[in-house]
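Subject: Structure handover

Hello,

Here is the structure we talked about. Please open it and keep it in view while you read the notes below.

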Amino acid sequence: MAAEVPLPEVTPLTEPYWSGLEAGELRFQRCAGCRNAWLPAREECPRCLSEDVSWEAASGQARLISWVVYHSAVHPSFADRLPYNVAVVELDEGARLITNINAPEDELSIEMPLTLSIEQESGVSIARFSPA
C-alpha cells in the first residue's frame with residue numbers, strides 16, 4: 001500500500017493562501033509600507049518588519065529561479081514520481097515560492113517564463129507551474 005501524501009497544516013495565518021487556491025487564484029502577501037511581496041505567509045514584512053500587510057491575487061505569471069531534481073524520494077508517497085523537480089519560482093509581483101514545474105528536467109532553464117497551474121493533490125489545491 002502506498003504512503004499517503006503529507007497534507008499542509010492550515011492555520012489562521014495560512015488560510016487565505018489555501019482558500020485562494022481552492023478559489024482558483026494564487027495569493028501572496030504584500031507590505032503596505034515598503035511594498036515588498038512574499039510567500040510563505042508571515043505576521044510581518046520580512047523586509048521592514050511592518051505588521052501592515054495584506055493578501056493579493058497573483059497574475060499567475062512567473063519565472064524559474066532555481067531547481068533541483070530528486071532521484072530518491074524524500075517521502076515514501078513520492079517514490080512513484082521519481083525523478084521529480086522542486087523549484088523556486090518568482091511571481092511577476094515579486095513573491096517567491098517553492099513548487100514543482102510540469103516539464104521534463106532537460107526542458108528547464110533559468111529565467112524560463114512560467115504560468116500557474118493549480119492542481120489537486122489528495123483533495124488539496126496545490127500551486128504548480130508549467131512553461132508559458
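Strands here are DSSP runs of E with at least two residues, numbered from the N terminus. Keep that in mind for the names below. Also note that this is a predicted model.

Start with the loop between β2 (37-38) and β3 (53-57). Pro40 sits in that loop. The peptide bond leading from Leu39 into Pro40 is cis, and its omega is near -5°. Leu49 belongs to the loop between β2 and β3 too. Leu49 is not a glycine, yet its phi is positive, about 70°. Is Leu49 buried or exposed? Leu49 is exposed, at a relative accessible area of 55%; the cut-off for exposed is over 50%.

Why point these out? Most peptide bonds are trans, and most residues other than glycine have a negative phi.

Pro83 is placed in the loop between β4 and β5. The Leu82 to Pro83 peptide bond is cis, with omega near -15°. Glu111 lies in the loop between β6 (96-99) and β7. Its phi is positive, near 75°. Glu111 is partly exposed, with a relative accessible area of 45%.

Now the strands. β7 is joined to β4 by 3 bridges, and the two run antiparallel. Look for Ala62, whose bridge partner in β7 is Leu114. On to β7 and β8. How many bridges join them? There are 8, and this pair is antiparallel as well. Leu116 has Phe129 as its bridge partner in β8. Ile118 has Ala127 as its partner there. The hairpin of β7 and β8 has 2 residues between the strands, and Ser122 takes a positive phi near 50° in it.

Next, the inside. The largest nonpolar core holds 25 residues. Those with the most contacts inside it are Leu26, Leu91, Leu97, Ile101 and Phe129. At least two core residues come from each of α1 (15-22), β4 (61-70), β5 (84-91), β7 (113-121) and β8 (124-131). Which element gives the largest share of this core? That is β8, with 4 residues.

Of its 8 residues, 7 are buried, so β8 is largely enclosed by the rest of the structure. Buried means under 20% relative accessible area.

Best wishes

Key:
Residues numbered from 1 in each chain as written. Predicted model: local features only at pLDDT ≥ 70, side-chain atom pairs only at ≥ 80, totals over all residues. Heavy atoms only, no water. Core = buried A, V, L, I, M, F, W, Y, C linked by side-chain atoms within 4.5 Å. Buried < 20%, exposed > 50% of the residue type's maximum accessible area, 1.4 Å probe, protein only. Pairing = 2+ DSSP bridges.
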